[in-house]
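Reader: I would like to learn how to read a protein model. Could you walk me through some features, one at a time?

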Amino acid sequence: MKDGFIKVAACSPKVVLADPKANADAIIAALHRAAAHGVRLAAFPELAMTGYTCGDLFMHELLLDSVETELLRIARETANLRLAAVIGAPIRCADKLYNCAVVISRGVILAVVPKTHMPNYGEFYELRHFAVPSRTELGSAAPYIDSLQTFFNPDGCIFLCTDYPDFRFGVEICEDLWVASPPSDKLAAAGALIIVNCSAGDEIIGKADYRKRITEVQSAKNICAYLYCGAGEGESTSDMVFSGHCFAYENGTLLAEKAPFDYANDMLITEIDLGRLLYDRRRVNSFCAGNAAHPGLFVDFSLGFGSCGPAPREDLPETELTRRFPRNPFVPHDENELNVRAKDILTIQALGLKRRLEHTHSMSAVIGISGGLDSTLALLAAAKACDLMGIDRKFVHAVTMPCFGTTEHTKQNAVVLCNSLGVTLHTIPLADSVRSHFRDIGHDETCHNVVYENAQARMRTLVLMDLANALNGLVVGTGDLSELALGWATYNGDHMSMYGVNAGIPKTLIKYVVRYYALHCENPALHDTLNAILETPISPELLPADEKGNIAQKTEDLVGPYELHDFFLYYVLRWGCPPAKLFRIAKQAFRESEFSNETILKWLKNFYRRFFNQQFKRNCLPDGPKVGSVCLSPRGDWRMPSDAVQRLWADEIQNLS
């Protein structure tokens, strides 16, 4: 529960048809196993107390009496467990029978939630046995379970944990998800962060994927987690087969899945990040949580962590994390998806640049080319923009500007790259101009300090800007999202351009986009050069090369590994993670990597320090196309005063180890 993580389980034990006692035994055993793993919310399939395929046996009092007796036994025998259970069962109320989910926690039957949409088509005939809940018909009626009156509401319930108020969930049942306006829409709008679906959908070809697609969209549009629990082994197979398919989504992201027909495993366990969901709901102000009227019940329950009211954050138990956090969250894992993403990124860059060039009536596009990764991607985008405009790539003027730190390797890569792409190449050495500038300001050339470095960076920009003026052109910037986050740019040097095509792309993703281009280009020289650029250490090349002529100044030695910084950037901006939570999930993500916990913490401190201190550079960024959901444009995505202090974040980091 600490850091917003709630461990949940979808349980699909083998059902014994028409035997509530046997099913209660299995449910009790499953709840004890789940509790031993730290689960706080456990779901079971639709009509789990009897089995979904009981047919006309649902009408028999003997079966229904046994269901109610066994539900009370489940409550008694799990009273010491700190979790809430959602169990499908047939329940009588007002002389009718309803298909329901019964919610139990710490020995108490909290409420009964009826299914609101009854499928009565194809293989389904639920209206034969179950009534559709109606507020008019039910009035103030409530089901009596062995003389225990409990909540029953046709509009559903939101369950609120009193000692951890962010833990709020609602329940819908199977078909409720498949209709045009699912109950979960109103439940989420009224504050539920988790939706539980007790289901008994049968398995036919293609249905599992369709089921997941619907749930993915539902969890995304309602900015909620969705825990789906399907009926499985033991159901009658006279006309249908049930697979026990279970999965969990979080705001459109699949967290975990128990595959269809995996009968060897009867329980899926994962963690839902309520903190992430709350952050997204605050950020997306079109989401109507708290503003939508919900006529249903709000049911309080306690897990026993706070003696009176919400438990203090430090007293909450720490949920053991089993879910995976990708080391490269900006980069898709699937190769096909990655190829599509890379193609789309290049298209977005090229179309954005095309529009700007056409609007400004530019006669050229001017780009500084170093033979490094960022300028390579910018050049590829500019070449594609020419193709989209139907003009010769000679329109692009690529400028190499060798100076004190330029190596023969990068210079040669830049030349071959430009020639292979068919752009206009200029080589303008800067050493004499920079030395003249040093004399003007009285700087000793042997002093390789920030003046030494930034003078070269600003001279490059001066050359590009003036050349663009001479060519009636526009300077295309090459700085990327990762550099903007860290402020790793010379103010009014490489920080400045007339249009920054890379501003929305992090360094870890740029590598894959360039690799994609290399794999799909038909020019062998270009292919080899792009691969050589990918293998070159990232460097601004502002300090002299070593005695062997190799790059001496490696960016990641100075600011830290971009793999770590991109991970930090994603979870800070996209998930709103505070330092303690960020460090925790970083340790989880990089536990099998070359980065020790001490290394992660070192660069985490550096990330926050630079992110706060360098905002002034981001506040005056040139225009550039937004590419992904994480962006630092001061006009559209990230508005932060340059004078904001990091004390709160720094104080929390100091307590980490």
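Reader: What covers the buried residues of α9?

Author: Let's start with the words. Helices (H or I, at least four residues) and strands (E, at least two) are DSSP runs, numbered from the N terminus. Buried means under 20% relative accessible area, exposed over 50%, and partly exposed in between, with a 1.4 Å probe and protein chains only. Contact means heavy atoms within 4.5 Å. In this predicted model, the cover over the buried residues of α9 includes α8 (373-389), β18 (396-400), β19 (424-427), α13 (507-520) and α14 (524-534).

Reader: Before we go on, what should I know about the model itself?

Author: It is predicted: local features need pLDDT of at least 70, side-chain atom pairs count only at pLDDT 80 or more, and totals for chains, interfaces and linings use all residues. Residues are numbered from 1 along each chain as its sequence is written, and side-chain values use heavy atoms, with hydrogens and water left out.

Reader: Which residues of α9 are buried?

Author: Here is the general idea. An α-helix has 3.6 residues a turn, so residues three or four places apart point the same way. In α9, the buried residues are Thr-410, Asn-413, Ala-414, Leu-417, Cys-418, Ser-420 and Leu-421. They cover an arc of only 165 degrees around the axis, which puts them on the same side of α9; the arc is that of the directions from the helix axis to the C-beta atoms. On the other side of α9, Glu-408 and Asn-419 are exposed.

Reader: What span should helix α9 have?

Author: The expected span of a helix is 1.5 Å times one less than its number of residues. Helix α9 (residues 408-421) has 14 residues and should span 20 Å, and its end C-alpha atoms are 20 Å apart, which agrees. Just after α9 comes Gly-422, with a positive phi of about 80 degrees.

Reader: And how many residues of α8 are buried?

Author: In α8, 13 of the 17 residues are buried, so this helix is largely enclosed by the rest of the structure. From its first C-alpha to its last, α8 reaches 25 Å, close to the 24 Å expected. Gly-390 follows α8, and its phi is positive, near 70 degrees.

Reader: α13 was also part of that cover. Is Lys-507 buried or exposed?

Author: Lys-507, which lies in helix α13, counts as buried at 2% relative accessibility. Leaving aside neighbours within four places in sequence, Lys-507 is in contact with residues including Leu-373, Asp-374, Asp-480, Glu-483 and Asp-566.

Reader: Now for sheets. What is the order of the five strands that form an open sheet?

Author: Strands of a sheet pair through backbone hydrogen bonds, either parallel or antiparallel. Here two strands pair if DSSP finds at least two bridges between them. The five strands have the order β19-β18-β17-β20-β21, and their pairing is parallel. At the edges stand β19 and β21 (499-500), each with a single partner strand, so one side of each is left without a neighbour in the sheet. Further in, four bridges join β17 (residues 364-368) to β18, and Gly-368 stands opposite Val-399 in β18.

Reader: Which strands are at the edges of the open sheet of seven strands?

Author: That sheet has the order β8-β5-β4-β3-β2-β1-β15, with mixed pairing. Its edge strands are β8 (151-152) and β15 (267-273), each pairing on one side only. Strand β4 (residues 96-105) and β5 run antiparallel, joined by six bridges. Ile-104 has Ile-109 in β5 as its bridge partner.

Reader: How many aromatic pairs does the structure hold?

Author: A pair of aromatic rings is described by the distance of the centres and the angle of the planes. Rings of Phe, Tyr and Trp (its six-membered ring) pair if their centres lie within 6.5 Å; planes under 30 degrees apart count as stacked, over 60 as edge-to-face and the rest as tilted. The structure holds 31 aromatic pairs. One of them is Phe-58 with Phe-130, a tilted pair at 5.1 Å centre to centre, with 55 degrees between the planes. Phe-58 lies in the loop between β2 (41-43) and α2 (61-77) and Phe-130 in the loop between β5 (108-114) and α3 (135-138), so the pair ties together parts that are 72 residues apart in sequence.
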